[in-house]
Amino acid sequence: MLGSATTRSLIPRTRVPAPVPEPAAVRVPRVSVIIPCFNYGRFLPESVGSVLGQAGVEPEVIVVNDCSTDDTAEVLARLGRDEPRLVAVHNRENHGPCVAYNDGLAVATGEFVVRLDADDLLTPGSLARAVRLFDHFPEVGLVYGPPQHFHGAVPEPASAEVTGWTIWSGADWVAERCRRGVNCITTPEAVIRSSVYAEIGPWDTRMRYACDMEIWMRAAAVADVGRTDGCVQALHREHAASVSVTAGAGRMTDLVERRIAFDVLFEGPGGKLPRADELHRSAHRALAVEALESACHAYDRGRTDVEPVDRYVEFALETYPQARQLPEWQGLIRRQRVGPRLAPLVPGFAASVVRRRLRNDARRRTWLRHGI
């Protein structure tokens, strides 16, 4: 364990305040940025440009055209003209986002690797900031930082100032993910050492949407985790065509994908962590609690006719056989006794909606501030 300083409900960590010392020697490492692209040709000039404009590193941009039917091929030809730092991979069949990323990973030559969706951007200096942390902490294999979500036109980053670094033991970081059961990295703000990929392998394609969450945890199972605090490391675009709000949407789909992510993790390097079985059960418990809370929420909001309440319950029991012993199970039983028509009118149930919203707001503030 790297540090003993703790914050309420946070895992042990080491906090390095700014300004951090400059490295003894300045170097310019190669960083491979892999951009899977399916019918997002219109976004490529901005995403590719955000990589090629990175200072302090040698960027290698690998765009995987995943059998797009729009003008992606033409855009790549135009962007790649007289630009040796841009590598285009053209798939003859659509492989899906996780496999497409692995297609790019197979040809990457950088010391560090980033996945950048075609509709997202890196912020100026983000790669150099991540590399600086890597260089000071050789035991760190994964670095991330605050993302900024946006709609519409690309905004200026809210902050470019590094206020410090946070370093976690990889095992502690994984344990926190198991306790919470959710991802804490959007994706474009994360950088992984190539040597870590050489040890843990590529993204696991048994998932379609949670393969990013699993790879972060798999990396943390073999190396420590660092975060650049204060500065925005990437810009994540939110729009109606985004995978995160189309094919990847849906609470049940999300729950199932995250369960697979944890199961895959503990089949691999996660299974060698101290207390691996306990951590695995903790993750399953967290997912079961979330499923039961979703069922309760459906009653509280009068949405049992549109929410898959029975599937939530089935998932909870499949995932955590002791689900009937959870407080959330008892809460669901009380709502079922009242019935879906009257449940929204019960003051105690209505109050739980407010409590749930306040708790989620508190969790979001913790994530924004500490990144976990």
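Modeller: In this predicted model, the strands of the open sheet number 9 and run in the order E1-E9-E11-E7-E10-E5-E2-E3-E4, with mixed pairing. The edges are formed by strand E1 (14-17) and strand E4 (86-90); each has a single partner strand, so one side of each is left without a neighbour in the sheet. From one strand to the next, the twist averages 20°.

Strand E7, residues 140-144, is joined to strand E10, residues 191-193, in the antiparallel sense over 2 bridges. Here Leu 142 has Ile 192 of E10 standing opposite.

Helices are also packed on the sheet. Helix H1 (residues 44-52) touches strand E2 (30-37) and strand E3 (58-65), and its direction makes about 155° with that of E3. Helix H3 (residues 97-105) touches E2, E3 and strand E5 (112-115), and the direction of H3 makes about 145° with that of E2.

Which residues of H1 are buried? They are Leu 44, Ser 47, Val 48, Ser 50, Val 51 and Leu 52. These buried residues pack against E2 and E3, and also against helix H2 (72-80) and strand E6 (121-122).

H1 also takes part in a charged pair. Arg 237 forms a salt bridge with Glu 46, with 2.7 Å between the closest N and O atoms. Because Arg 237 belongs to strand E12 (residues 234-237) and Glu 46 to helix H1, the pair ties together parts that are 191 residues apart in sequence. Arg 237 counts as buried, at 7% relative accessibility, whereas Glu 46 counts as partly exposed, at 37%.

The side chains of Arg 30 and Glu 60 meet with an N to O distance of 3.9 Å. Arg 30 is in strand E2 and Glu 60 in strand E3, so that the pair links distant parts of the chain, 30 residues apart. Arg 30 has a relative accessible area of 30% and is partly exposed; Glu 60, at 8% relative accessibility, counts as buried.

In total, the structure holds 24 salt bridges. Another of them joins the side chains of Arg 311 and Glu 318, at 3.8 Å from N to O. Both residues are partly exposed: Arg 311 has a relative accessible area of 28%, and Glu 318 one of 42%. Through salt bridges that share partners, Arg 259, Arg 311, Glu 314 and Glu 318 form one network.

The axes of helix H5 (residues 170-180) and helix H7 (residues 211-220) come within 8 Å and cross at roughly 145°. On H5, the contact is made by Gly 170, Ala 171, Trp 173, Val 174 and Arg 177, and on H7 by Trp 216, Met 217 and Ala 220. By class, the residues of this contact are 6 nonpolar, 1 polar and 1 charged.

Methods:
Residues numbered from 1 in each chain as written. Predicted model: local features only at pLDDT ≥ 70, side-chain atom pairs only at ≥ 80, totals over all residues. Heavy atoms only, no water. Pairing = 2+ DSSP bridges. Helix = DSSP H or I, 4+ residues; strand = E, 2+ residues; numbered from the N terminus. Axes fitted to C-alpha atoms, helices over the stretch in contact; angles between N-to-C directions. Contact = heavy atoms within 4.5 Å. Nonpolar A, V, L, I, M, F, W, Y, C, P; charged D, E, K, R; others polar. Salt bridge = Lys/Arg side-chain N within 4 Å of Asp/Glu carboxyl O. Buried < 20%, exposed > 50% of the residue type's maximum accessible area, 1.4 Å probe, protein only.
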